[in-house]
Amino acid sequence: MPSQQPNNSPATPLILDDSAHAPAPLTSVDGATGGAAGAGTSTALAALKNAKHPKQTRYWMRLVPAMFILAWGGNHFTPLLHLYEDLGNYEVWQANFLLGTYVAGLIPGLLVASALSDKYGRKPVMFAGMFLAMAGSLLLALGFQVFWELCVGRMLAGIGVGIAMSVGTSWMKELSGAPYDVHAGASAGARRPSLTLTLGFGIGAVATGVLAQWAPMPSLLPYVLHGTLSVVALFWLAVTPESLPPENRTTSSWWQDLRVPSAGHRTFTRLIMPAAPWVFGAAAVAYAIMPSSVAAQMGDYTTIYAAGLTILTLGVGAAVQPFYPRINQATGGRAIAVGMFVLVTGLVLAVVAVILASPVFVILVDAVLGAGYGITLVSGLAQVQRIATPSDLAGLTGIYYSLTYVGFLLPTILAMLLPVMSYAVSLSLVTALCTVCLVAVLAEYRRMRRTA
């Protein structure tokens, strides 16, 4: 396997074009197209021969349904916040707590699952994630009036999302390189999983919103739909080839692999970490706090309005991600700073939106926050894939996504502060903190240019 060692010195050069420094793709193949363990070298040669054929099999697309439906299960709860407050008689903080509860499952799913996949392979861990997410939907469907049951269901959904974001992202990245895909661009390994997850988050939310607004049994049907689609995704997952053969897996105990040396890389600690929490922090503001701020104006249409804002935010985020290479090149490798600047702008507009209480203005706010979310997410992931070694890829990806999802607790915190602090005041403080992080990112970019 090609080896790539991160440079941990403080004089890490500024990378003007990530595509020229992408991690070397895995060159070993495990399994035929059916996904079972194969005969090593002969399988690799067969896959390489197929990769050179004009009609190359797009193995990475077989993984799309599973990652898509896991993301769907993590975010389709968002438009239901008003429903749980209205029909379930839950307090505002309880509904927002349920929104963020799955972070408690997501972070272990991100960190522990990545270590398990390095030891046992990508496929079995992804299967486990699918089954846990389906169990979570079952609990959510049956526990509308039982708060603790909803919490457990959300935690299981979080584990599924965590596995999709760490193990699934690493698996799709590996399937986006030779010998599985020799035609993929250098940034495909970051763009494909990021876009797949974003679409799952968005489409799941809008489908649930439509069902909750107009279909019968609004607290049940969204979860039935998710479970049904999960069964379909399992069939595609079964025929996805394993990208981490036994000879390339770690031989140490999985808990020892929780240590990720690349997490100490200066690029990670000084450039990626300050930006990461704002990825989903700003997105959560867009589709949790913004709908709540105009609920009085929207009345009975709050649920479908919230669903529309969710798909707008994530749709814009998905639309801008393919432009990441151009943005990064045009700004001299500073795509993270661009994303952070857009997020700060969106948060400033969010403060104005709360004061105006205008549903139309909120639409503009969410579009801006969605653009910042998309740019920051994919640029951070590209940097992670650039500095990670092959053995650290899943682990560092898990740590990165864990940091991004810390921001998803923001609506819960702001909702709990409502008795003493209005959204206008708390969002102003959030905007100031985000600005400080932007300044830290810019300072690191300047240091990197001086030492280049």
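Predicted model: local features only at pLDDT ≥ 70, side-chain atom pairs only at ≥ 80, totals over all residues.

Tutor: Residues are numbered from 1 along each chain as its sequence is written, and side-chain values use heavy atoms, with hydrogens and water left out.

Student: Are H15 and H19 roughly parallel or roughly antiparallel?

Tutor: The axes of H15 (residues 335–356) and H19 (residues 423–451) come within 9 Å and cross at roughly 165 degrees, where helices are DSSP runs of H or I with at least four residues, numbered from the N terminus, and axes are lines fitted to C-alpha atoms over the stretch in contact, with angles from 0 to 180 degrees between N-to-C directions. Angles under 35 degrees count as roughly parallel, over 145 as roughly antiparallel, 65 to 115 as roughly perpendicular and the rest as oblique. That crossing angle therefore makes the arrangement of H15 and H19 roughly antiparallel.

Student: Is Pro-274 buried or exposed?

Tutor: Pro-274 belongs to helix H10 (residues 266–275), and, leaving aside residues up to four places away in sequence, Pro-274 touches Thr-269, Met-340, Cys-437 and Val-441, a contact being heavy atoms within 4.5 Å. Buried means under 20% relative accessible area, exposed over 50% and partly exposed in between, with a 1.4 Å probe and protein chains only. Because its relative accessible area is 18%, Pro-274 is buried.

Student: Which helices hold Glu-444 and Arg-266?

Tutor: Glu-444 and Arg-266 form a salt bridge, with their closest N and O atoms 3.4 Å apart, the term requiring a side-chain nitrogen of Lys or Arg within 4 Å of a carboxyl oxygen of Asp or Glu. The pair ties together parts that are 178 residues apart in sequence, because Glu-444 lies in helix H19 and Arg-266 in helix H10.

Student: What separates Arg-447 and Glu-444 along helix H19?

Tutor: Arg-447 also forms a salt bridge with Glu-444, the closest N and O atoms being 2.8 Å apart, and both Arg-447 and Glu-444 are buried. Because they are three residues apart in helix H19, Arg-447 and Glu-444 are separated by about one helical turn.

Student: How many salt bridges does a search of the whole structure find?

Tutor: Another pair is Arg-122 with Asp-118, whose side chains meet at 2.9 Å, N to O; Arg-122 is buried at 1% relative accessibility, and Asp-118 is buried at 9%. For the whole structure, the number of salt bridges found is four.

Notes: Helix = DSSP H or I, 4+ residues; strand = E, 2+ residues; numbered from the N terminus.
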